[in-house]
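Q: I'm new to reading protein models. Could you walk me through one?

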Amino acid sequence: MKTVTPKYPQAVVHLTLTENAFEIMGTVQKALRRAGASSAELTQYSMDSMSGDYDNLIRQVHRWVTVA
């Protein structure tokens, strides 16, 4: 997988393999809010992350925040 610089690198999330898609989306949205993302950006993240399967969700997480 190629390295992607996230839109909000200061927003750091810790994910586990046991988290489901809704938990992941909620965790990322909280991190984005804390990092100062606008309502429009939060909506865009939600739309992007729901536009495909689980693998797409994970790609979108890496596009938007830093995964530690």
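Q: Let's start with one residue. Leaving aside neighbours within four places in sequence, which residues is Asn56 in contact with?

A: Keep in mind that this is a predicted model. Once those sequence neighbours are set aside, Asn56 has contacts with Asp48, Ser49 and Ser51. Asn56 itself sits in helix 3, which covers residues 54-64.

Q: Is Asn56 buried or exposed?

A: Look at the relative accessible area, where buried means under 20%. Asn56 comes out at 9%, so it is buried.

Q: And how far apart are the C-alpha atoms of Asn56 and Val4?

A: They are 14 Å apart, while 52 residues separate Asn56 and Val4 along the chain.

Q: Back to Asp48. Where is Asp48 placed, and what does Asp48 touch beyond residues up to four places away in sequence?

A: Asp48 belongs to helix 2. Its partners, with those sequence neighbours not counted, are Asn56, Gln60, Arg63 and Trp64. With Arg63 there is also a polar contact between the side chains, at 3.3 Å. Asp48 has a relative accessible area of 13%, so it is buried too.

Q: Now for whole helices. How do I describe two packed helices?

A: You give two things: the angle between their axes and the distance between the axes.

Q: Which residues make the contact between helix 2 and helix 3?

A: Helix 2 brings Glu41, Gln44, Tyr45, Asp48 and Ser49, and helix 3 brings Asn56, Leu57, Gln60, Val61, Arg63 and Trp64. Sorted by type, the residues of this contact are 4 nonpolar, 4 polar and 3 charged.

Q: What about helix 1 and helix 2: at what angle do they pack?

A: Helix 1 (residues 21-34) packs against helix 2 (residues 39-49) at about 155°, and their axes are 10 Å apart. That angle is why helix 1 is roughly antiparallel to helix 2. The crossing of helix 1 past helix 2 is right-handed.

Q: Which residues make that contact?

A: From helix 1 you have Ile24, Met25, Val28, Gln29, Leu32 and Arg33, and from helix 2 Leu42, Tyr45, Ser46 and Ser49. The residues in this contact of helix 1 with helix 2 split into 6 nonpolar, 3 polar and 1 charged.

Note on methods. Residues numbered from 1 in each chain as written. Predicted model: local features only at pLDDT ≥ 70, side-chain atom pairs only at ≥ 80, totals over all residues. Heavy atoms only, no water. Axes fitted to C-alpha atoms, helices over the stretch in contact; angles between N-to-C directions. Helix = DSSP H or I, 4+ residues; strand = E, 2+ residues; numbered from the N terminus. Parallel < 35°, antiparallel > 145°, perpendicular 65-115°, else oblique. Left-handed = near helix turned anticlockwise from the far one by under 90°. Contact = heavy atoms within 4.5 Å. Nonpolar A, V, L, I, M, F, W, Y, C, P; charged D, E, K, R; others polar. Buried < 20%, exposed > 50% of the residue type's maximum accessible area, 1.4 Å probe, protein only. Polar contact = N/O pair within 3.5 Å; in protein donor to acceptor, adjacent residues only side chain to side chain.
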